[in-house]
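I opened my notebook for a first look around this structure. Here is what I looked up, entry by entry.

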Amino acid sequence: MTSTAQQPAAGGLSARPDRLRHVVFIAASAAMGGFLFGYDSAVINGAVEGIRGRFDVGAATLGAVIAVALLGAAGGAMLAGRLADRVGRLRVMQLAALLFLASSIGSMLPFTAWDLSFWRIVGGAAIGMASVIGPTYIAEVAPTEYRGRLISFQQAAVVLGIAVSQLVNWMVLTLADGDQRGSLLGLEAWQVMLGIAAVPAVVYGVLALRIPESPRYLISVGRTGEAKDVLRRLEGEQVDLDARVAEIELAMRSDDAPRFRDLRGRFGLLPIVWVGIGLSVFQQFVGINVIFYYSSSLWQSVGIDPSSSFFYSFTTSVINIVGTVIAMVLIDRVGRKPLAVTGSAGMAVSLAAVAWAFSHKTGTGNDISLPDTQAAVALIAAHTFVLFFAMSLGVAVWVLLGEMFPSRIRAAALGVAACAQWIANWLVTATFPAMSEWNLSGSYVIYAIFATLAVPFIIKWVPETKGRTLEEMG
């Protein structure tokens, strides 16, 4: 047994672990874009109060600076697919890495709030590209038997990136004695937070230089010999490479370009497209990104000291990871709808509890506090809200959007739903600073109402896709 395992044989027992390690390395390298997606999206959380103080901006301008990256993300997502078909998947990854790097350096050294906004748009474009190219590349290089688990690397990398950004922010703030504008390395602390994103950007760029191009792209541009070499390394010597190339070519010829006119229906769009838009909007209108973009500022606004507020931002990110793992374990066992309904109900209760707790805020200016009981309720409820979101809409919405549309409109419908999600994300992010100044508790009442409305919407309109083939979704 031992001597047999040590003999190198094409496609044999010893080759398979090596091949699997190679595939895992490739998928993890591509998923580094997801890590940067999460990191760059959430790192701004630690800089909100520093930006407000440095540039002396009001709530509306502050919200615009924070949210403008999401408009860049929408543009980057729309551009990524076509660009990947023209220049290749790896070139898009490398471009995204360069944009991440430029954005992190520019954001670290801004002159005004407006050039900071420009660098936020650049980073947003990189986020949009990474959100599209990572899953696309992994799906194209992953062997069939591992595809589902390898694609899940992307979502796992996103939530890990969020958590690491909050940990880094907390550590930087600690080094700056709890002051976002405290001096560190000749800069203010919040600038260092934004600049550290250059490190994973460089790592992403280096990894994108070490992995192979997608066989599907290579075949599409006539580089069949290179495609066979990649397929041999990915799927083993035992694979009939000519047959695999012919299979990919047939699939490419049968793929119709997405046409938005195919989505037209009685009410402007087909009902299933409206359902997809509704899912995307509900996912964002429960206010999840308030936690990821503003939680440090949020906790400070109710009297929690800066160091503790940054620590709680990190712990909610850890809870986000836990909830995502739970969802990945359960989604194929209990189904998409039960998770989405249960999670939405849990979010509604949690958000209502947060609203109740914040309604007891007392004081003004720098002298603001919550009674001990309400402070404890707010912290626990905020964490349970993130847990319920991560184990339901955080994962289930993306799974449903990938499965619920008929094949002939899937690409176009998914593009519309994803665009709706970015717009909804931008709207919530841009309005929160002004809403919190108007009425912080009332803002959370509004989020709780959307979480409550999501329950009957999902029950009545969203199809269950568990156990159904994609072809059955016509």
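I started with Q421, which is buried at a relative accessible area of 7%; the model I am reading is a predicted one. I found Q421 in helix α19, which covers residues 410–461. Leaving out residues up to four places away in sequence, I listed what Q421 touches: S280, Q283, Q284, V397, W398 and L401.

Next I looked up I449, also in helix α19. I449 counts as partly exposed, with 45% relative accessibility. I noted that I449 forms a nonpolar surface patch with V445 and L453, and that together they have about 250 Å² of accessible area.

Then I turned to S131 in helix α6, residues 113–141. Beyond its neighbours within four places in sequence, S131 is in contact with F37, A77, Q154 and W422. I also checked S131 against Q155: they are 24 residues apart in sequence, and their C-alpha atoms are 9.5 Å apart.

My last entry is on charges. How many salt bridges are there? The count comes to ten. I picked out a network of them that links D85, R89, E140 and R216. R89 meets D85 at 3.1 Å, N to O, and R89 is buried at 5% relative accessibility. E140 meets R216 at 3.9 Å, N to O. E140 sits in helix α6 and R216 in helix α10, so this pair ties together parts 76 residues apart in sequence.

I also jotted down the salt bridge between D242 and K228, with the closest N and O atoms 2.5 Å apart. D242 is in helix α12 and K228 in helix α11, so they tie together parts 14 residues apart in sequence.

Note on methods
Residues numbered from 1 in each chain as written. Predicted model: local features only at pLDDT ≥ 70, side-chain atom pairs only at ≥ 80, totals over all residues. Heavy atoms only, no water. Helix = DSSP H or I, 4+ residues; strand = E, 2+ residues; numbered from the N terminus. Buried < 20%, exposed > 50% of the residue type's maximum accessible area, 1.4 Å probe, protein only. Contact = heavy atoms within 4.5 Å. Patch = residues over 30% accessible without salt bridge, like charges linked within 9 Å, V, L, I, M, F, W, Y side chains within 5 Å. Areas by Shrake-Rupley, 256 points an atom, 1.4 Å probe, with all protein chains shown as cover. Salt bridge = Lys/Arg side-chain N within 4 Å of Asp/Glu carboxyl O.
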